[in-house]
Amino acid sequence: MQIYLPIAEVSVNMFLLLGLGGMVGVLSGMFGVGGGFLITPLLFFIGIPPTVAVATSANQIIASSVSGLFAHLKRRNVDLRMGMLLQGGGVVGAGLGMVLFNWLKQLGHVDLLVNLCYVVFLGAIGSLMFVESLSALRRARGGGGGPVKKRKQRGLVHTLPMKMRFRTSGLYISVIPPFLVGAAVGVLSAVMGVGGGFIMVPAMIYLLHMPTKVVIGTSLFQIILVAGVTTFLHAVTNHSVDIALALFLLIGGVVGAQIGTRIGAKMKAEQLRILLALLVLSVCFKLGLDLVLPPAEVYTLTEVQ
Amino acid sequence: MRLPRLSALRALLAAALLAAPVALPAQEAEEVPALPAPEELVLGLSQNRVAITANFDGSEILIFGAVKRDTAPLAEPADVIITVAGPTEPIAVQRKERRAGIWVNADQVTIRQAPSFYAVATSAPLEDILSATEDLRHRISIPRAIRSITSGDEVTDEDAFVEALVRIRQRAGLYQMREETVGFDRQTLFRTSVPLPSSLPTGVYSVNVYLVRDGSVASTHETAIRVGKVGLEQWLYALSREQGVLYALLAIFIAIFAGWGASEIFRLLRNQ
């Protein structure tokens, strides 16, 4: 059944949108990523103009993240205190990132830089996670299911001042590292134009040593604010949020997120990390190919304001 | 209601055609015999407004009309060209180039005036019926309808960019070259249909009919079609432009509500 989208000004199949939303929703619930890095290119592919695709995917991400968040809240897998601290850092980082982005824009070739950034970050994070979680999985099996050797709890993170207790995460650390992590992801999100879930999740696991299950819920919590602000800014300045498109995507998305959360709850943390690593690596591979392979059409059209 | 208007127009056309030969002798007696008698074009459309509704999935417009003459048709046969042009807009065409193994956007050409939709329908191959100078003057063929091309000094092959624009838009059904699709009966009645894609840009479209003879335009007629969203589509579009903040809050509210709603529904299902 075809539906005409008032802002995108194209007609697309309703069930295709429900399916797309559902698929990304499942990933969102499972891994705590918003899925913008997946849904935006898919929307381009079905003929939605880029500006509308970017803005509307932010709107759909709010819905699937809220849906996933509620499911995780019931399992007490959300560290609200940590989430707010990360958000605080994120706001500062996004501001800095905007300045950086505008500076890069003046130098030219910003889109190439963004693409290279993507490939490098996705590649690095994906491979590190893959190797780490694979060895963790092996260790768990090799030890005959016995307890995994406890991480070394002393480090730079623990010598910093302003310590705070994060009960849900089981951490007693300084507020400075989470704030810096939030800020760094904020800078990257502003430059790369993504919510940053796929950077935030590994950062919380490996830099802040939070438990994987808590990371997913907390990531969803912090994504909601980022996606909300993004949606608002796009709607007010570019008028590019398509409510009709968002509605079909998010109906699929909220249902998918519930299913994803249930799948995630049944899996081991190492398995989840391996799957996320593979997902990140495949997106990286696809982006890398796009840069290197000759495009089908070397010309592109852009609207001039 | 389109039907009554359509049949009224047909009746009018029929009357005009019947009246033409009858009126002939009387006029000849009074007026000085003119050089080639003016041929006037009369035009009808299946709809003068295309309404884009929530289930709009492309449409088709039927264009028909007649050549009204005060004399018998001239010995030299004429042909008909019909163009449908959407609102013009500026557009940038970018070309990717391989640099250090990576495909990046390199050259760019800006076209100040490109029709957002353009269809040319003819009763015979365009090349055979229209001379290059007349095409240039009336801007009939697709490349001629695209105007004001500007680029930096480093671009030497602007034509390739214009060709790319035409190719991309032809693939999307936005530019159409429809040669020999106009039925032209007894040098008098003509009709054609132009398919409109679902990604039809909104705005005021102009429909032009050209009667061509000997490679040049003998007579023209222009009319307009309005393409616009209606109902919910129009309401949402207007809201997004005029009440940006309200629209943004509505979008966010729907998203949060849907997320919460789904989680509650799943919880209820689980508890049963």
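**Note on a predicted two-chain model**

1. Helix α1(A) passes helix α3(A) in a right-handed crossing. The model is a predicted one. In chain A, α1 covers residues 14–31 and α3 covers residues 50–74; they pack at an angle of about 45°, and their axes are 9 Å apart. An angle of that kind is neither roughly parallel nor roughly perpendicular under the cut-offs of 35 and 65 degrees, and α1(A) and α3(A) are therefore oblique to each other.

2. The contact between these two helices can be followed residue by residue. On the α1(A) side stand G21(A), V24(A), G25(A), S28(A) and G29(A), and they meet Q60(A), S64(A), S65(A), G68(A) and A71(A) of α3(A). By class, the residues of this contact of α1(A) with α3(A) are two nonpolar, eight polar and no charged.

3. Helix α3(A) has a further partner in α2(A), residues 36–45, and the axes of the two come within 9 Å and cross at roughly 140°. Since the antiparallel class begins over 145 degrees, that makes α2(A) oblique to α3(A). The crossing of α2(A) past α3(A) is right-handed.

4. Which residues make the contact of α2(A) with α3(A)? From α2(A) come G36(A), I39(A), T40(A), L43(A) and F44(A), while α3(A) supplies P50(A), A53(A), V54(A), S57(A), A58(A), Q60(A) and I61(A). Eight of the residues in this contact are nonpolar, four are polar and none is charged.

5. H209(A) is found in the loop that lies between α8 (197–207) and α9 (212–238) of chain A. Is H209(A) buried, exposed or partly exposed? Its C-beta atom has 18 others within 10 Å, so H209(A) counts as partly exposed. V292(A) is 83 residues from H209(A) along the chain, and the C-alpha atoms of the two are separated by 36 Å.

6. The interface brings 48 residues of chain A into contact with 48 residues of chain B. On the side of chain A, the elements that give two or more residues are β1 (2–4), α3, α5 (110–142), α9, α10 (243–265), α11 (269–292) and β5 (299–303). The residues on that side comprise 31 nonpolar, 13 polar and four charged.

7. Strand pairing also links the chains. β5(A) and strand β5 of chain B, residues 88–99, run antiparallel and are joined by five bridges. Within this pair, Y299(A) has R95(B) as its bridge partner.

8. Chain B has seven helices and 13 strands. Of its 272 residues, 27% are buried. Among contacts in chain B with a separation of 6 or more, 73% are between residues 24 or more positions apart.

9. Six strands of chain B form an open sheet with mixed pairing, in the order β2-β13-β12-β4-β7-β9. Which strands lie at the edges of this sheet? They are β2 (49–52) and β9 (175–178) of chain B, each of which pairs on one side only. From one strand to the next the twist averages 15°.

10. Inside that sheet, β4(B), residues 79–85, runs antiparallel to β7(B), residues 118–122, with five bridges joining them. A85(B) stands opposite Y118(B) of β7(B).

Key:
Residues are numbered from 1 along each chain as its sequence is written. Chains are lettered from A and ligands numbered from 1 in the order in which they are written. This is a predicted model: local features need pLDDT of at least 70, side-chain atom pairs count only at pLDDT 80 or more; totals for chains, interfaces and linings use all residues. Two strands pair if DSSP finds at least two bridges between them. Helices (H or I, at least four residues) and strands (E, at least two) are DSSP runs, numbered from the N terminus. Axes are lines fitted to C-alpha atoms, for helices over the stretch in contact, and angles run from 0 to 180 degrees between N-to-C directions. Angles under 35 degrees count as roughly parallel, over 145 as roughly antiparallel, 65 to 115 as roughly perpendicular and the rest as oblique. A crossing is left-handed if the near helix is turned anticlockwise from the far one by less than a right angle, and right-handed if clockwise. Two residues are in contact if their C-beta atoms, placed from the backbone, lie within 7 Å. Ala, Val, Leu, Ile, Met, Phe, Trp, Tyr, Cys and Pro count as nonpolar, Asp, Glu, Lys and Arg as charged, and the others, Gly among them, as polar. A residue is buried if 20 or more other C-beta atoms lie within 10 Å of its own, exposed if 12 or fewer, and partly exposed in between; C-beta atoms are placed from the backbone.
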